[in-house]
Structures are given as C-alpha cells and as structure tokens.
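The following note sets out several points on the structure shown below. Please read it with the coordinates at hand.

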Amino acid sequence: MVDGRGLPVRLILTPGQASDKTTAPELVAPLGLTGDVVGDRGYFGQAVIAAIEATGARAHIPSQSNVRVVRSVDRDLYRERNRIERFFNRLKHFRGIATRYFKTATNFLAALHLASSRIWIKAYESTT
C-alpha cells in the first residue's frame, strides 16, 4: 500500500500462488484510512470494499467485467492508481529484489523494508 505520493505505507508478503485479494483486508484494516482509496480491478471484492469502507474511507475500485453489479469510478481519480505501479518499478531498481536474491520470506521482506526505507529517504533528502 502506498500513500498519495507513491511512498510505501505498509507491505505484506504473500505466497506466490495466493491471490492478493485474500490479504487486502488485513492490509487496510489497521491503517485507519480516510478519504479516497483507489485500487485496481483485481481487488474488486466485497471483503476488500467492506474493509476499506469500515475504516471510513471510500473505495474507488471498478468492477470486473464478469460481474452483474457494475461499479463505476471517477476516471481522473482512478488514474492515480499508477502510483503503486511506479512504486513497484522503483523496487525493481534494487537488484536483489528484482532477481529474488533473498530466498527466504523473512529475508525478502526485510530487503523490501530496506528498499522502502531508501525510497522514503530519497523523497525527503535535501536538494540544496
């Protein structure tokens, strides 16, 4: 999960064969979100939307094409979802993460936290 500037807020590591939808409620529940939460079509599901709206935020997640109830979202707001894609692109600049050098889940998550810390530091470093 990233904030409005594309900086990481919370990371959860899931098994490669598991759907991200299964851990999305666990990801958003303790954050106390407010305002708008933008998500990709893949996160369309009642459990995810209910978890977001239980915190007091509004979920802007369009429905998938194979459902009966079609959810529409504001196009301009939905375009902001690319911030998470940009964050993943920045993560892949770290060679150990891109090549999955760290084989155990604990070490890989630690590397993700270190890389995320470097992304935060770079966002706040002085330009003078």
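Predicted model: local features only at pLDDT ≥ 70, side-chain atom pairs only at ≥ 80, totals over all residues.

1. A side-chain contact of 3.0 Å links His60 and Asp36 and is classed as polar; a polar contact is a pair of N or O atoms within 3.5 Å, where, within protein, one must be able to donate a hydrogen and the other to accept it, and residues adjacent in sequence count only if both atoms are side-chain atoms. His60 belongs to strand 2 (residues 58-60); helices (H or I, at least four residues) and strands (E, at least two) are DSSP runs, numbered from the N terminus.

2. Residues are numbered from 1 along each chain as its sequence is written, and side-chain values use heavy atoms, with hydrogens and water left out.

3. His60 has a relative accessible area of 15% and is therefore buried (buried means under 20% relative accessible area, exposed over 50%, partly exposed in between, with a 1.4 Å probe and protein chains only). Beyond its neighbours within four places in sequence, His60 contacts residues that include Asp36, Val38, Val73 and Tyr78; contact means heavy atoms within 4.5 Å.

4. The count of aromatic pairs is 3, where rings of Phe, Tyr and Trp (its six-membered ring) pair if their centres lie within 6.5 Å, and planes under 30 degrees apart count as stacked, over 60 as edge-to-face and the rest as tilted. Tyr101 and Phe102 form an edge-to-face pair, because their ring centres are 5.4 Å apart and their planes stand at 85°. Tyr101 is exposed at 60% relative accessible area, whereas Phe102 is partly exposed at 29%.

5. Trp120 and Tyr124 are stacked, because their ring centres are 5.7 Å apart and their planes lie at 10°. Both residues are in helix 6 (residues 105-124), and being 4 residues apart they are separated by about one helical turn. Trp120 is partly exposed, at 29%, and Tyr124 is exposed, at 52%.

6. The largest nonpolar core has 11 residues, among them Ala24, Val37, Ile52 and Ile61; such a core is a set of buried Ala, Val, Leu, Ile, Met, Phe, Trp, Tyr and Cys residues joined through side-chain atoms within 4.5 Å. Helix 1 (24-28) and helix 2 (46-54) are the elements that give two or more residues to this core, and helix 2 contributes the most, with 4 residues. A second, separate core of 10 residues includes Leu7, Leu91, Ala115 and Ile119.
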